[in-house]
Amino acid sequence: MKNYILLLLVAVCFSCKNENTSIDTSSVEGHKTKLTANDIVNKSIEVSGGEKFKQSSLKFEFRDVYYQALRKNHEFLLVRILVKDNDSIFDMLSNVGFERYDNKDFVKLEDSIAKTYEASVNSVHYFSVLPYGLNDEAVNKTLLADEQIKGKDYYKVKVTFNENGGGEDFEDVFVYWFDKQSFKLDYLAYSYNEASGIGMRFREAYNERYVNGLRFVDYNNYKTKSTGFVLENLGKEFENNQLELLSKIELEHVEVQLINN
């Protein structure tokens, strides 16, 4: 099966757009240049692997499911492989759409079901390589007031998405906390719409490691203990022990191969 998966990744090429704007943190007459939200995200991407993400093949396991991602210049392919007994289900997402295969056979899905699977695949891959992806065209970034968590100073950036290009969950809102010294992403929070109302999560990064030059972390995943919380305030709620640990987000057996032009 491994050879078959590798052939899938190598054989399929699709296109996507991703831009990084260079930043300037030089001093002007002894004063630091004020950074924008774009500057902060760009610097975080740089210290997390930078351009290597655009030329990479990733493999990892999450909750006993296999994931692979191929990115080469303006091409990408995101794959989820569900293995049960002798059967393998391949969910494949690219900028030309979503496809599912049962072993080698194409599976035709209702649009609503396909969108649900697509969102699920995209979500895992999105979180696995943060902050990469925060410069997509559908992303809107707003710099909020600096904040301190556990004695460390953080830049705080709010992210929303355009409906056009923002995916099935374009109404979700994210807040990211970037270390002011290292620019690494240490915390994030997000709200999502569900049948019962707005849900919120807060994640604390841990187990940082670099694999072939790319940064990966795991997360402690927290939920609010009650309703009435404000998304932008979850950092303080976390520090005040007002959040409850729900689960751990752990990537296992991470492999990275860098692809030459």
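This passage describes the fold of a predicted model, from the whole chain to one residue.

Residues are numbered from 1 along each chain as its sequence is written, and side-chain values use heavy atoms, without hydrogens or water. In this predicted model, local features need pLDDT of at least 70 and side-chain atom pairs count only at pLDDT 80 or more, while totals for chains, interfaces and linings use all residues.

The chain contains 4 helices and 16 strands (DSSP runs, numbered from the N terminus: helices are H or I of at least four residues, strands E of at least two). Of its 261 residues, 45% are buried (under 20% relative accessible area, with a 1.4 Å probe and protein chains only). Contacts (heavy atoms within 4.5 Å) between residues at least 6 apart in sequence join residues at least 24 apart in 52% of cases.

Seven strands form an open sheet in the order β8-β7-β6-β5-β4-β3-β16, with antiparallel pairing (at least two DSSP bridges between two strands). Because β8 (105-107) and β16 (252-258) each have a single partner strand, one side of each edge strand lacks a neighbour in the sheet. From one strand to the next, the twist averages 20°. Antiparallel strands β6 (residues 87-94) and β7 (residues 97-102) are joined by 6 bridges; the bridge partner of L93 is F98 in β7. Helix α3 (residues 111-128) lies across β3 (55-62), β4 (65-72), β5 (75-84), β6 and β7, at about 105° to β5 (axes are lines fitted to C-alpha atoms, for helices over the stretch in contact; angles run from 0 to 180 degrees between N-to-C directions).

Strand β11 (residues 173-179) includes D179, which counts as buried because its relative accessibility is 6%. Beyond neighbours within four places in sequence, D179 is in contact with K152, D153, Y154, Y155, K184 and D186.

Key. Buried means under 20% relative accessible area, exposed over 50%, partly exposed in between (1.4 Å probe, protein chains only).
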